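Could you walk me through part of this protein's fold? I am new to reading structures and would like to start with a sheet and the helices around it.

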Amino acid sequence: MSAPLVIIGTGLAGYNLVKEFRKIDAERDVIMLTADDGRQYSKPMLSTGFSKQKDDNGLAMNDAGAMAEQLKVEIRTFQTIDKIDTETKTVFVQQDAIEYSDLVLALGAEPINLPIPGAEFALHVNDLMDYQTFYQAVQGKKRIAVIGAGLVGTEYAHDLASAGFAVDLIAPDKQPLTNLIPADCGQALIPALEALGVNLHMEKTANEITQQADGYSVILNDGTTLDCDVVLSAVGLRARTELAKEAGLAVDRAICVDRLLKTSENNVYALGDCAQVDDLHLLYVLPLMNSARALAKTLAGTATEVKYPVMPVMVKTPSLPIVTCPPAIGSEGNWEMDGQTPHLMGLFKDSDGNLLGYTLTGERVAEKMKLNKELPAMLA
């Protein structure tokens, strides 16, 4: 009897891979290992929960038992992986040694911790159990400080303010979403956030978090003190690579994989937020879904390279809709802006006038389909 397919992780990457795999192979033994409770949920929905008045159970779609039954797999929750031995094709979990025929790492990414005194007082929301902790922490509270104005921080500030919380958003950038959209489009978002009641502290950094009798104080680099009930840190994510590194796998910004999503070791694959595919490390849902479909075929016996078509990112800020296809890192060119704030179209073009990326805000988001047809695929 051959060893099972073993998948580490039950987030969007792990569960979607198994769903795709079961469409092709209904019989192969599959064991899924997860550090959390294994509930199925959609990670992008974590930053929409408060405006929808949903707790963690409201965002969960199934528990681990229901998923095991639905997918005909074995799911082991609250598992700590001690090491992977690629020579013997074995995963060691505490006292257990689990042999695999193929191993898939769907480890996701972890929050970057603030490098400041008092960082331990800040909460992160990176999975459903984090959301549960944060949701419980803000019950009966009013004032929330959000540190970081990237995609997660901006979406959270919007969601929390929409739900009636008083939100302070702190970031060193001149406008939100600096690494994702051009400056003019980021500036267009500021009035929309302010209209919801978000207090923006741009071009500021949090230097320290101190605990007070009735909450916390965030001390900024200009000496300003912001009092709040709860602090949420959203200063970025890094791929979980330690396990792979210790197993001798090639690691860069994430776990290095080829177009087949194979790591530097045979029979070991990676996908999702922990994987760097042909130098692309994309922390979004669409690359993950494309990877799950391709890898399912490969694991079922038909080697299939992943392809990345044009994959727009929808920013969840309903008061000012934003869709963006950022140009690839290192692309040479310039942004050309068109329209009146807040309805803007930014086109990133190279010196020959070729479209390499775009950002649309407000009513201009309706033009995304036309622009998608002009853009080159990310991985053809």
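This is a predicted model: local features need pLDDT of at least 70, side-chain atom pairs count only at pLDDT 80 or more; totals for chains, interfaces and linings use all residues.

Let's begin with an open sheet of four strands, which run in the order β11-β10-β9-β15 and pair in parallel. At its edges are β11 (198–202) and β15 (230–233), each of which pairs on one side only. On average, neighbouring strands of this sheet are turned by 20 degrees against each other, ignoring direction.

Now look at one pair of strands. Five bridges join β10 (residues 166–171) to β11 in the parallel sense. In general, strands of a sheet pair through backbone hydrogen bonds, either parallel or antiparallel.

## Helices on the sheet

Helix α4 (residues 128–138) packs on the sheet, where it touches β9 (143–147) and β15. The direction of α4 makes about 155 degrees with that of β15. Helix α5 (residues 151–162) lies across β9, β10, β11 and β15, and runs at about 165 degrees to β10.

## A closer look at α6

Helix α6 covers residues 183–196, and you can check its length yourself. At 1.5 Å a residue, its 14 residues should span 20 Å; the end C-alpha atoms are 21 Å apart, so the two values agree.

Which residues of α6 are buried? They are Cys185, Gly186, Ala188, Leu189, Ile190, Ala192 and Leu193. An α-helix has 3.6 residues a turn, so residues three or four places apart point the same way. After α6 comes glycine 197, with a positive phi near 105 degrees.

Key: Residues are numbered from 1 along each chain as its sequence is written. Side-chain values use heavy atoms; hydrogens and water are left out. Helices (H or I, at least four residues) and strands (E, at least two) are DSSP runs, numbered from the N terminus. The expected span of a helix is 1.5 Å times one less than its number of residues. Buried means under 20% relative accessible area, exposed over 50%, partly exposed in between (1.4 Å probe, protein chains only). Two strands pair if DSSP finds at least two bridges between them. Axes are lines fitted to C-alpha atoms, for helices over the stretch in contact, and angles run from 0 to 180 degrees between N-to-C directions. Contact means heavy atoms within 4.5 Å.
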